[in-house]
Amino acid sequence: MIKFHSTNRNTKDVDFKTAILRGQALDKGLYMLNEIPKLSLVEIQDLKSKTITEIGFDILSKIIGTSIPENKLTEIITDALNFEVPVEQIDGNDYICYLDRGPTCSFKDFGARILARMMEYFLELENRDIIILTATSGDTGGAVAHAFHKMKRINVVVLYPREEISELQRKQMTTLGKNVLAIGIHGKFDDCQRLVKMAFADPDLKHLNLSSANSINFGRLLPQTLYYFWSYSRITNKNNEQVIFSVPSGNFGNLMGGLIAHEMGLPVKKFIAAVNENNEFPRFLETGIYEKVEPSKNCISNAMNVGHPSNLARVIDLYGGEIDELGNIKNMPDMEKLRREIISYSISDELTKETIKNFYIKYEKILEPHGAVGWAALRKYRHTNPQDNIYKAVSFETADPAKFPEEIISLIKIYPKMPISLKSIQEKEEHIVSEKISSYEDFKKFLKKNYS
Ligand SMILES: *Cc1c(COP(=O)(O)O)cnc(C)c1O
């Protein structure tokens with residue numbers, strides 16, 4: 001059975017069940033695989049004839065072994081991935097994989113829905129209850145709240161930055177009720193994330209059994225390997241053909257899914273880490289010096305407004321280095337390998353908007369801001385690396401344009417078609433938390449009062 005270590009390397013290794021029920025490691029690091037199992041080239045070739053559920057089973061069972069029985073794992077994946085994942089050829093060798101067809105119309109449905117079902121399975125087994133604390137920059141909250149809604153052994157508390165998310169994003173969290181509570185924080189996403197991390201580390205709250213469903217939780221990342229294998233298997237025909245992936249990135253959970261897939265044997269030419277104006281990662285690749293963007297910049301791709309990505313700890317761990325939760329590098333990763341495998345571009349809001357406009361004019365299809373950052377970064381890569389034009393590339397569309405109607409209308413004068421799942425929440429009543437929570441003390445009091 002594969003064990004997990006903390007990226008801070010200051011606590012004991014644990015098994016998969018403990019890693020996902022705990023969320024964050026006890027030393028404030030993130031859990032990461034001690035070893036990464038490989039698929040053979042034949043196994044990768046065989047994926048071409050499989051469904052996404054079958055691919056999911058092949059990949060997940062390699063990592064989690066027998067910690068979930070086969071039939072249960074199949075049931076979890078089938079139940080969670082009850083939506084389409086189209087891969088469409090846009091132009092020549094450039095493809096888009098649509099990850100926005102889940103119930104909350106963002107790619108986070110992948111990770112959240114599979115994680116929720118795995119946690120429920122383990123909690124039932126152990127006969128205990130937990131509280132999921134989650135910070136959201138926009139989309140995580142909705143996906144997590146929706147994925148865990150009505151689960152018996154789990155309460156959900158979501159923190160979101162009041163001023164930085166869209167009305168639809170807010171309603172996806174506040175209209176559920178029951179075991180789901182959403183709190184608007186007077187601050188930024190990074191403030192929400194800090195409150196959550198402090199609560200995890202607080203011994204006074206130990207009795208609440210707090211856990212995380214952010215991409216802090218390894219169980220969120222694992223399902224995100226699937227759409228790399230899936231899109232690869234739909235567009236390639238040659239054995240061992242390498243593909244380029246352009247990945248809209250904020251907290252780097254999306255990218256981590258790809259990096260794990262690559263370690264498992266997926267032939268990848270290059271990962272493009274596409275970020276908005278929060279450019280700490282491309283600067284790090286360039287200079288080898290890590291500096292957070294503080295406060296984070298408020299861009300239209302709001303789910304990527306992250307000035308200090310938590311999964312950077314895993315990226316650096318994977319490349320042999322170590323960075324603590326505050327952003328101090330303890331050990332440099334193998335920068336040469338990092339730069340060979342990953343390139344990163346920061347895309348301005350201006351270019352994001354231009355991309356949405358031009359894409360519509362050229363292809364009569366609508367991109368939303370996050371997907372547009374990915375597409376714009378791919379265009380940059382194509383422009384500067386013509387020698388790689390022979391390789392196919394997949395850019396991920398990570399949300400539905402209808403989640404950002406104002407932006408889309410102002411750019412292309414078209415009202416994006418609203419999926420039923422979004423339409424239905426508009427009339428529902430919102431449950432708004434009235435207490436003003438701006439400090440950790442406020443937050444702690446609130447948790448104790450409501451859940452002790
Ligand atoms: C969260 C999110 C991203 C970024 O994913 P990370 O795992 O945080 O890097 C990109 N696009 C959308 C729509 C998102 O919700």
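Strands here are DSSP runs of E with at least two residues, helices are runs of H or I with at least four, and both are numbered from the N terminus. Two strands count as paired if DSSP finds at least two bridges between them. The model is a predicted one, so local features need pLDDT of at least 70 and side-chain atom pairs count only at pLDDT 80 or more, while totals for chains, interfaces and linings use all residues. Residues are numbered from 1 along each chain as its sequence is written, and side-chain values use heavy atoms, with hydrogens and water left out.

Now to the sheet. Six strands make up an open sheet with mixed pairing, in the order β3-β4-β14-β9-β10-β13. At its edges sit β3 (87–91) and β13 (342–346), each pairing on one side only. On average, neighbouring strands of this sheet are turned by 25° against each other, direction ignored; axes are lines fitted to C-alpha atoms, for helices over the stretch in contact, and angles run from 0 to 180 degrees between N-to-C directions.

Take β4 (residues 94–98) next. Five of its five residues are buried, so β4 is largely enclosed by the rest of the structure; buried means under 20% relative accessible area, with a 1.4 Å probe and protein chains only. Both faces are covered, with D94, I96 and Y98 on one side and Y95 and C97 on the other. In a regular strand, side chains alternate between the two faces of the sheet. With β3, β4 pairs in the antiparallel sense over four bridges, and D94 is the bridge partner of D91. These two strands form a hairpin with two residues between them, and G92 in the turn has a positive phi of about 55°. With β14, β4 pairs in the parallel sense over five bridges; here Y95 has V394 as its bridge partner.

Further along, β9 (residues 243–248) runs parallel to β14 (residues 392–397), and four bridges join them. V243 stands opposite K392 in β14. Helix α11 (residues 253–263) lies across β9, β10 (268–275) and β13, running at about 170° to β10; contact means heavy atoms within 4.5 Å.

What about the ligand? Of the 15 residues around it, K108, D139, G250, N251 and T398 come nearest, where a residue is near if one of its heavy atoms lies within 4 Å. A backbone N or O atom of G250 is 2.7 Å from a ligand oxygen atom. A polar backbone atom of N254 lies 2.8 Å from an oxygen atom of the ligand.

Conventions. Buried means under 20% relative accessible area, exposed over 50%, partly exposed in between (1.4 Å probe, protein chains only). A polar contact is a pair of N or O atoms within 3.5 Å; within protein, one must be able to donate a hydrogen and the other to accept it, and residues adjacent in sequence count only if both atoms are side-chain atoms.
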